[in-house]
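Trainee: I am new to this structure. Please take a close look at one part with me, and then show me how the rest is arranged around it.

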Amino acid sequence: MDFDLTDEQSLLKDTAQRWAADTYAGIEALDAARAEPLGFAEAKWAELAELGLLGLPFAEADGGFGGGPVETLVVMEALGRALAPEPYLASVILGGGAVRLAGTEAQRAALLPGLIDGSARLAFAHSELQARYDLNDVATTARAVDGGFRLDGRKSVVLNADAAKTLVVSARTAGARRDAAGITLFVVPLDAAGVSLTAYPTQDGGRAADVVLADVFVPADAVLGAVDGGLPVVERVVEGAIAAVCAEAVGLMEALTDLTVEYLKTRKQFGVAIGAFQSLQHKAVDMFVALEQARSMALYGGMMVAAEDADERRVALSAAKVQINRSARFVGQTAVQLHGGIGMTMEYIGAHYFRRLAMIELMFGDTPYHQRRVTDAGGLVAAA
Amino acid sequence: MDLRFTPEEVAFREEVRTFFRTEIPAEIRAKVSEGRKMAREDYVSSQRILNDKGWAVPHWPVEHGGQNWSAVERYIFMEELMQAAVPLPLQFNCHMVGPVIATFGNEAQKARFLPRIKSLEDWWCQGFSEPGAGSDLASLKTRAVREGDHYIIDGQKTWTTLGQYADWMFCLARTDPAAKKQAGISFILIDMKSPGVTVRPIITIDGRHEVNEVFLDSVKVPVENLVGEENKGWDYAKFLLANERTGIARIGMSKERIARIKRLAKSAPAGAGTMWDDLDFRSRLASVEIELKALEITQMRVVAAQATRDPTKPDPASSILKIKGSELQQATTELLLELAGPQALASGRAEAGHNDAEALFAWADTAAPVYFNTRKVSIYGGSNEIQHNVIAKAILGL
């Protein structure tokens, strides 16, 4: 049992935090980044590549740095603290995760160097309108044709698809819409004939797109992983994403709690700093407790991402997401309440933290969804 | 970073787990698990078994019978003890007066008291709270006036847990009435057999006799029973309360109760099946389990940090453990009550001679008393509101 970072991990944490703090020192920097066509500046993405952060989770043989779950937690928490809008989650964790877990040597060689040097981003086009959080629910089809496959269907709210060069797309090669078997992953260039995007900003200051695939031809070597066997890969990719957003949320909550406590110390009413009022102090303490409970579960989720047993992994990540969601809602709402009117405005950065936290609650499974999964698994404490 | 125990720690866990479950009598552990009335002898025999093994006071200095265990091993020990429903070694002896005497007492006091504290030959009770001094403990009024070789003590103590069994009381009394609040308080040991000591039961909300009022009426106490320096008692009390905080989250107890709820739910009839088929109920249970897992990791973080902390000063982060741990203990008792449902209304069926159909719910008659009694955990040991004040000041700087 050891909660300490190694020297290398501490260095990584310093690097990531310093970059994020220097880059997004205030709301003006954030607004400027979001005003860019892709919702972030290419130059900043290049800086992340230079710092080695884009190659972090990939094997050294693939040009990466061989980082594990802890390294990802450290970076996501730092990005969260600063509300950094770069598509690290979409490109490195989701798209990159699929290639890392299922790609052949040739596919990794084709896709990862560009991802790692910042020149070619990935996105993960899996979720569909009707699916909610069910990863097995895939209506998009892939017909086997001479020399490859033809894809038809729609993907919904694909994070940062407009910033990607290549999509990882799931499609059904067999079975009915909600069958576990019969899902296949494909590597699809964004400029392939028949791919069209409708891109838009998201409620948390990021960007996403709905993707239409109309008779899109991909060659046979575009299959990522096993034909009909894509679901276990999707599940592992999403588990990695859950762990990542849990860590990001901890960074967000930490920054928002700091901001709120600072506000309580400086805002004066009735002739005193409002932090002198016990009712407000106790609410701030409840934020702190919620943050620390979330931090514990983000660590737990991060550790369990690597667990061998799939059932154990699934229930652990669901438990982590439930705790993060609950804490996120409480911390976000309480921060707005304690700030009063200013907390309700877009000109105040605290509001942006709240928005991001609220959207994270809805990503990769909301609270009822994950609580149901823990319930179905019989809970966490052995009945003995 | 690694949340797993080392192979040595896993082996240690197996060792203590096996010991608790084979050496501590099952009847005693069942009483703890089911929240049944414990006799004085149950506490004593359980603690004797631990003491014979050298495990009654593992956290004490080695020269007084402690074990040279790491913070992680001590944590594993306590968690396993609670999960096996072993009665906690008497807290007033092992976690309160013992460490104070070991740290601040003189050699004669150590030789006289410590062996009997850990073996529970002497049963100790706590004389801190008074009718007018609860959360604001420093406002206590009990006075100790020096007369020659004795103090004459007058005052009233309250909420004296299991004081009806006690041989000794460690007491805070004012020795300098002119000094400001926290100054002028001394830490004095009182023989409960002394003339002028009267113990009056208080029957608590669960219908049980757990706490007492203790009246001190011109009680004559030899000055050799003063611990440390006169008027420095508040410092020793703070040290003691920091000790009390360790393990206050009672995660092992909550886990034990959840495991029991699951077992009982599988046989408790409901609708066409059992309560285990009720997904609403199980979802509420899962909700508590998730928060408990988070607190378990939080506790492990606090334990891991102990290695580099000054052990005589309370870790303000432990206030989180108190707040959340007490809330979760209470939540598990609510689930147990809910599981018992209307059967929880029945009281004393065994005594009235229950029939076979009702035996299915024989466990239900302690569900309500346990629920009622557990309301105390957010009040004692520094109420949860006081813990909020501690975090606001010490961590958030408000």
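Mentor: Gladly. The centres of domain 1 of chain A and domain 2 of chain A, taken over C-alpha atoms, are 23 Å from each other. Please keep in mind that this is a predicted model, where local features need pLDDT of at least 70, side-chain atom pairs count only at pLDDT 80 or more, and totals for chains, interfaces and linings use all residues. Residues are numbered from 1 along each chain as its sequence is written, while chains are lettered from A and ligands numbered from 1 in the order in which they are written.

In chain A, domain 1 covers 7-120, domain 2 covers 123-229 and domain 3 covers 232-376 (bounds from an automatic or database domain assignment). Where domain 1 of chain A meets domain 2 of chain A, 17 residues of domain 1 are in contact with 18 residues of domain 2 (contact: C-beta atoms, placed from the backbone, within 7 Å). On the domain 1 side of this meeting, helix H5 (88-102) and helix H6 (105-117) of chain A each supply at least two residues (helices, H or I of at least four residues, and strands, E of at least two, are DSSP runs numbered from the N terminus). H5(A) gives the most to that side, with eight residues. Sorted by class, that side of domain 1 of chain A has 11 nonpolar, five polar and one charged residues (nonpolar: Ala, Val, Leu, Ile, Met, Phe, Trp, Tyr, Cys and Pro; charged: Asp, Glu, Lys and Arg; polar: the others, Gly among them).

The axes of H5(A) and H6(A) cross at roughly 165° and come within 10 Å (axes are lines fitted to C-alpha atoms, for helices over the stretch in contact, with angles from 0 to 180 degrees between N-to-C directions). H5(A) and H6(A) are therefore roughly antiparallel (over 145 degrees; under 35 is roughly parallel, 65 to 115 roughly perpendicular, the rest oblique). From H5(A), Ser91(A), Val92(A), Gly96(A) and Val99(A) meet Gln107(A), Arg108(A), Leu111(A), Leu112(A) and Leu115(A) of H6(A). This contact of H5(A) with H6(A) is made up of five nonpolar, three polar and one charged residues.

Further along chain A there is another helix pair to find. Helix H8 (residues 278-304) and helix H9 (residues 310-339) of chain A pack at about 155°, with 8 Å between their axes. That angle makes H8(A) roughly antiparallel to H9(A). Their contact has 19 nonpolar, five polar and three charged residues.

Stepping back, chain A has 11 helices and 10 strands in its secondary structure. The C-alpha trace of chain A spans about 80 × 55 × 40 Å along its principal axes.

Chain B is next, with 14 helices and 10 strands. Its C-alpha atoms fill a box of roughly 75 × 55 × 45 Å along the principal axes. Chain B, too, is divided into domain 1 (7-89), domain 2 (124-233) and domain 3 (247-394). Between domain 1 of chain B and domain 3 of chain B, the C-alpha centres lie 20 Å apart. Here 13 residues of domain 1 of chain B are in contact with 15 residues of domain 3 of chain B. Helix H2 (26-34) and helix H4 (71-83) of chain B are the elements that give two or more residues to the domain 1 side. H4(B) gives the most to it, with eight residues. That side of domain 1 of chain B divides by class into seven nonpolar, three polar and three charged residues.

Look also at helix H5 (residues 91-104) and helix H6 (residues 107-118) of chain B, which pack at about 165° with their axes 10 Å apart. H5(B) and H6(B) are therefore roughly antiparallel to each other.

Last comes the place where the two chains touch. The contact takes 36 residues from chain A and 37 from chain B. On the chain B side, helix H8 (251-265), helix H9 (279-306), helix H10 (318-340) and helix H14 (384-394) each supply at least two residues. H9(B) gives the most to this side, with 17 residues. By class, the side of chain B that touches chain A has 22 nonpolar, four polar and 11 charged residues.

Conventions: Contact = placed C-beta atoms within 7 Å.
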